[in-house]
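The points move from the model as a whole to its chains and then to single elements.

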2 protein chains.
Amino acid sequence: MKISESIIAPKGFAATGAHVGIKKQKKDLSLILSKYPCEAAACYTTNTVKAAPVEWDMSITNSKKKVYGIVTNSGNANACTGPRGKDDTQKMAEAFAQSAGCAADEILVCSTGVIGVYMPTDIVTQGITQTFKNLGETENDFTLAAEAIMTTDTFMKTASAQISINGTEVNLLGMAKGSGMIHPNMATMLSYIITDCAITKTALDFAVKEAVNDTFNMITVDADTSTNDTLLVLANGAAGNECITGKNGAYEIFKEAIFEICKKLATDIAKDGEGATKLMEVTVLGALTLCDARKIAKSVASSNLFKAALFGADANWGRVLCAMGYSGGKFDPAKVDVTIENEKGSVKLCENGEPVQFSEEAATQVLSENKVCIQISLNQGNLSATAWGCDLTYDYVKINGDYRS
Amino acid sequence: MKISESIIAPKGFAATGAHVGIKKQKKDLSLILSKYPCEAAACYTTNTVKAAPVEWDMSITNSKKKVYGIVTNSGNANACTGPRGKDDTQKMAEAFAQSAGCAADEILVCSTGVIGVYMPTDIVTQGITQTFKNLGETENDFTLAAEAIMTTDTFMKTASAQISINGTEVNLLGMAKGSGMIHPNMATMLSYIITDCAITKTALDFAVKEAVNDTFNMITVDADTSTNDTLLVLANGAAGNECITGKNGAYEIFKEAIFEICKKLATDIAKDGEGATKLMEVTVLGALTLCDARKIAKSVASSNLFKAALFGADANWGRVLCAMGYSGGKFDPAKVDVTIENEKGSVKLCENGEPVQFSEEAATQVLSENKVCIQISLNQGNLSATAWGCDLTYDYVKINGDYRS
């Protein structure tokens, strides 16, 4: 499965992005529209405090309703805004629906930005009407849409895949934004995947659920699970393939494409964690259960102490064992091996839970790269999991010490 | 109950501290010895990866054995050191026991420092024998002992209390060290309380357990639960009071003293979190259950995003709501009020889960002090809990980016 960062738009979709005045200068409104009704699958934050647009979208995607588009604003999360927040979300949907000629509950809404500030509703709804005219199907149009959902992201996150379903070409395009409040069980992340694949809602729901567990739910930046996390997957059937209705060969191909796009977007989010200089990939091998492997991998990727050590390129493997120990995952400390590796080499730091002699110089070389893999062998069973995170840096503190201003 | 920072030694105890060569320059060995056998209660880390001394102490305090002393080294945690680590712990106990004329399993051992490095055993055991000669009962001797358990702590943490048990004066003295790897369910913290109170092991166990839940288990610096966390409470009976055997009035007085000392030491640890510039006190009121109140308070005190906002004196109350929402504690977001306060004033930031108008200037004034109270009213029930934490600063990253060197 080849995943590309370049934007290849699926058939029947248009997009655009613009600055309408929520943020001072940067683009803050993104529109995605399908000519045809789409099956929609989704995954949302588990936070008790859910932003108004999350509740709006949940009520739509939990039903069997088909949808036509997604409107997103950045710069304001529309969270902790009470009944007025709900109204504002509805107004955004209505404004987009009116221009598109569909019903408001056929439009999904996402918001990202500061929590606890009411939306500048008139600016946003007028902006939607204005921006609608610019919807287009070119690479540039989708780039505008992907840029407009960004907040503190330092680079745009997109992924495309082309697959063949029984001889018919099917396209998938993903886009995402990070980059703080990122923790397993969704994050302050918005991710959209649009595809021209013909697939039933049930099959789409399955594919998304399977993909999310090992991708978006395995990333962490700061252990803060946000109020707005949303993954939306829209399939409009414009490719004309034989509709995927169940778990057959075509489903497997489609699911792999969804998985790979999710993985690409999720690791991009981890890599672009606020202030991050390094992507950390933690792989746990030899676990007795998948649940243990996931808990342990996520715990290590989340440890502030190990994240700070990674920033300082310090091979402090004791912090890896410590984070494993409070993960809640089961393992025998006396059987654990820990190795760090990447293209600069592979250095074993710990064997059977005890120190081994290693070259500090070689370890520092590995830890100084912008991607570091931590391989943890539990040597107990045969299940494995991978989590992605980033280092904890001065810039994380700087960015988050003064976010609202 | 008056708690003092000054050191007033309970009867029958001696102490000392010295530099023996584990660290480069600072004191790294601490001895506490009782003339009389002590009842010992304790509380330990819940981390699966337990340091060798933790396992040694657990086997002693979980039995009905009486103990005579505590030997502590700083600079090396003796964690992830396998069978050799166990031997090293035993050798430390043996060295102290030999000088003291008791059995090795009547000596408790604690270690704190870097994980995954074997102990320099000869240096430590010779150091114990040498340092033993300096044991004394003055304020200065106990100061040396309290200083020698410190690692990255910036100030010494002690607390004393004098109480009257049926007319007899009873003394309690506590000492503790932080200051990274600090999270509810104990932390890289060592805390000792010694008292001349006469009390049964059963009553002592109860008092300690009750005190810990609302003190040491409610502090957090970085959500990293350490491998070495230990609280030891030794009671030698030298005060000559009528022995406390059950939950009577004398027990309540004693328990309150233990609680207040634990609270003082715990908040000192939070205040002295690595790199911290501010103590955060989070009080949750109006919860339906105590468990909900504790979960919510701890979650807010642990949030990297809110901790960074506190560092920046940014009244970003949305992050408070967000951290409450992923805490696992139950509440209705639409009923939540949030107020920040200290001697500079009181500013309500949020009412019924929605923004209220407030003076940014007044909020910044409150947030710029070195202690900030966050009061969260759930307005649902009548249970409450308080958690303590600190801000997340550049210095936390600096200290932990290069700890081993």
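1. Pairing of E10(B) and E15(B). Strand E10(B) pairs with strand E15 (residues 383-390) of chain B in the antiparallel sense, over seven bridges. Two strands count as paired if DSSP finds at least two bridges between them. Helices (H or I, at least four residues) and strands (E, at least two) are DSSP runs, numbered from the N terminus. Within this pair, Leu279(B) stands opposite Cys390(B).

2. Source and confidence. This is a predicted model, in which local features need pLDDT of at least 70, side-chain atom pairs count only at pLDDT 80 or more, and totals for chains, interfaces and linings use all residues. Residues are numbered from 1 along each chain as its sequence is written, and chains are lettered from A and ligands numbered from 1 in the order in which they are written. Chain A has a mean pLDDT (the predictor's confidence in each residue, from 0 to 100) of 91, and 95% of its residues reach 70 or more. The scores of the model are ipTM 0.76 and pTM 0.81.

3. The other neighbour of E10(B). Strand E10 (residues 279-287) of chain B is also joined to strand E14 (residues 371-377) of chain B, by seven bridges, and these two run parallel. Here the bridge partner of Leu279(B) is Lys371(B).

4. The contact between the chains. Chain A and chain B each give 54 residues to the contact, where two residues are in contact if their C-beta atoms, placed from the backbone, lie within 7 Å. On the side of chain B, helix H9(B) supplies the largest share, seven residues. By class, that side has 27 nonpolar, 20 polar and seven charged residues. Nonpolar means Ala, Val, Leu, Ile, Met, Phe, Trp, Tyr, Cys and Pro; charged means Asp, Glu, Lys and Arg; the others, Gly among them, are polar.

5. Symmetry. Chain B is superposed on chain A by a rotation of 180 degrees with 0.0 Å of shift along its axis (RMSD 0.0 Å). Superposition is by least squares on the C-alpha atoms of residues with pLDDT of at least 70 in both copies. This is the relation of a two-fold axis. In chain B, the C-alpha of Tyr394(B) is nearest the axis, at 2.6 Å.

6. An enclosed helix. Helix H1 (residues 52-61) of chain A is largely enclosed by the rest of the structure, because seven of its 10 residues are buried. Buried means that 20 or more other C-beta atoms, placed from the backbone, lie within 10 Å of the residue's own. Among the buried residues are Trp56(A) and Asp57(A).

Definitions and conventions:
A residue is buried if 20 or more other C-beta atoms lie within 10 Å of its own, exposed if 12 or fewer, and partly exposed in between; C-beta atoms are placed from the backbone.
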